[in-house]
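Please read this briefing alongside the sequence and the model.

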2 protein chains.
Amino acid sequence: MSTTDRRQKAFAEREQILLDGAHYLISREGLLNLQMHRVAQHCDYSVGTLYQHFSSKEDMLLALLTERIGDRLGLFARVADWDAGSREQLVGLVVADVIFARQQPLFFHLQQYLSTQVISAAISEARREQAMAAHKPLADLFQGVIVEALARGDLPASGMTPIQIGSGLWALGEGIHTLAHAEGLMDAYQLGRPYALLFHHFHALLNGLGWQPLCDITDGRAVRALLTRVVTELFSDIPPSVTDTLFTDFDQDSP
Amino acid sequence: MSTTDRRQKAFAEREQILLDGAHYLISREGLLNLQMHRVAQHCDYSVGTLYQHFSSKEDMLLALLTERIGDRLGLFARVADWDAGSREQLVGLVVADVIFARQQPLFFHLQQYLSTQVISAAISEARREQAMAAHKPLADLFQGVIVEALARGDLPASGMTPIQIGSGLWALGEGIHTLAHAEGLMDAYQLGRPYALLFHHFHALLNGLGWQPLCDITDGRAVRALLTRVVTELFSDIPPSVTDTLFTDFDQDSP
DNA sequence: ATCATTTTTTGAATCAGATTCATTATCGCT
DNA sequence: AGCGATAATGAATCTGATTCAAAAAATGAT
């Protein structure tokens, strides 16, 4: 067994090296220009070895994506451990999401690329399951906030499951990311900073779901005050250049 | 120049033939298996001729996508001509969107595929502008409903532009499409029919924005009644198998 | 109608880059 | 050291998009 163990460990280590190499190359030359033989070359392994780890290029990219989910979860976990109301926590999750989107734009490009039917066809079942499993804690965490809101009575009971309730909120965030990343769209329609819009609509949706305490969305200052609180209490270590995106645009000078 | 005119016309006609051929092949063998030489072959032209029309495969696919926007607009236009309140009209637009998504799943796959940064790099500027321009009437129509709602006082004025108000609604729809199309996601989290969820959250968001008249989202019957009205008044010609998706799931047996 | 000129079409050849697999090297063991 | 077993290698293969030199067709002046 010892032999097998050692081998497995070495194998896992090498996989890490390969993924790091791929990440490095993408960050230097872009996703579009990533070539398998260059990854192998960069890591001083042969192409064949690369294919010992990944069944295809797409498979490798999904592994890269899956790796990052941990970082995302780290940001989310801060929110879960935070002593605050369920509504604040949700806003905290959205802030975490936006911070992550800014810190790791590659993650979103990969996600977008790999979830395309055309591309996802080339991914092995095992790798897909691994990705699903890695997402699980994240979904659980999100669901946990909703379950607790129901338990506390912040949110009126309905016939819907917590996940169904959450799906709208999730979809809204996902949709804003899509708009934000769509080439030329933001400029064409002068949408300003998409993430400022996100918070506005997020609160509107929460209000519409009857999530207590309600928030006056016409009061831009109140919305911003909550964001500031989230940032100072949870994300004070994140560079301001990243958290800046959160702060407004369209209602900068409202009362 | 009669000669030039005639040539241009013939050229445009051939482009149509090529696009139809591509569409036919995709519908038979899937987007994944589309090959340029097969398109040429199928239409009895040479590969070189194909490239006279499209600068790359992706360019051709965007042309195919752009072509369909007209169909989408057709569904949307019915709603714009409909004599109803602004809130009903918005729901009508969402219904149109969902019908289109079911009728032309290829549209969404293409949209998803082509908006990927990796892929969109291979598209000519001219084609991109053409696609943008084709989208314009659709955006205008959507914006028109919001402008009128503001004018009628159905929606409280805020510092936001109509498009900014609409962006949340649009993002929600876009996000639900994304979830609906993500491989395995709906099953993994038992979300049921995504489009039933969409209407629930859509009304919640409208309520949260203060869009009059408010709708009691706990009353599943009322939500469904409005959908039925939209379908019978605007989309009675659409096969029930398509409009079925609209009708719920999670609150089927609520009071 | 003929022919020189321009424009269009053609498809075999090229090219890029992912993937394979026969060969070579390494390992663990006796 | 020698013997399988296991892993690594990278040149060769394969797929499929794209190009471009040559052939064909259209134009229009004589």
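The points below cover the symmetry, the protein contact, the DNA surfaces and the nonpolar cores.

This is a predicted model, in which local features need pLDDT of at least 70 and side-chain atom pairs count only at pLDDT 80 or more, while totals for chains, interfaces and linings use all residues. Residues are numbered from 1 along each chain as its sequence is written, and chains are lettered from A and ligands numbered from 1 in the order in which they are written.

**Symmetry**
- Chain A is superposed on chain B by a rotation of 180 degrees with 0.0 Å of shift along its axis, at an RMSD of 0.1 Å (least squares on the C-alpha atoms of residues with pLDDT of at least 70 in both copies).
- The two copies are thus related as by a two-fold rotation axis.

**Contact between chains A and B**
- Chain A and chain B each bring 45 residues to the contact (two residues are in contact if their C-beta atoms, placed from the backbone, lie within 7 Å).
- On chain A, the elements that each supply at least two residues to the side touching chain B are helix 6 (105–115), helix 7 (117–120), helix 8 (125–152), helix 9 (162–181) and helix 11 (194–208) (helices are DSSP runs of H or I with at least four residues, numbered from the N terminus).
- Helix 9 of chain A gives the most to this side, with 11 residues.
- Because 100% of the interface residues of chain A are also interface residues in chain B, the copies meet through the same surface.

**Surfaces near the DNA**
- DNA strand C is surrounded by 17 residues, of which the closest are Q35(A), G48(A), S56(A), S46(B) and G48(B) (a residue is near a strand if its C-beta atom, placed from the backbone, lies within 6 Å of it).
- Helix 3 of chain B gives the most to the surface near DNA strand C, with four residues.
- DNA strand D also has 17 residues around it, the closest being S46(A), G48(A), Q35(B), G48(B) and S56(B).
- Helix 3 of chain A gives the most to the surface near DNA strand D, with four residues.

**Nonpolar cores**
- The largest nonpolar core has 89 residues, of which V94(A), V95(A), L205(A), V94(B), V95(B) and L205(B) touch the most other members (a core is a set of buried Ala, Val, Leu, Ile, Met, Phe, Trp, Tyr and Cys residues joined through C-beta atoms within 7 Å, and a residue is buried if 20 or more other C-beta atoms lie within 10 Å of its own).
- Another core, of 36 residues, lies apart from it and includes L50(A), L65(A), V118(A) and V39(B).

How values were computed
Buried ≥ 20, exposed ≤ 12 C-beta atoms within 10 Å, placed from the backbone.
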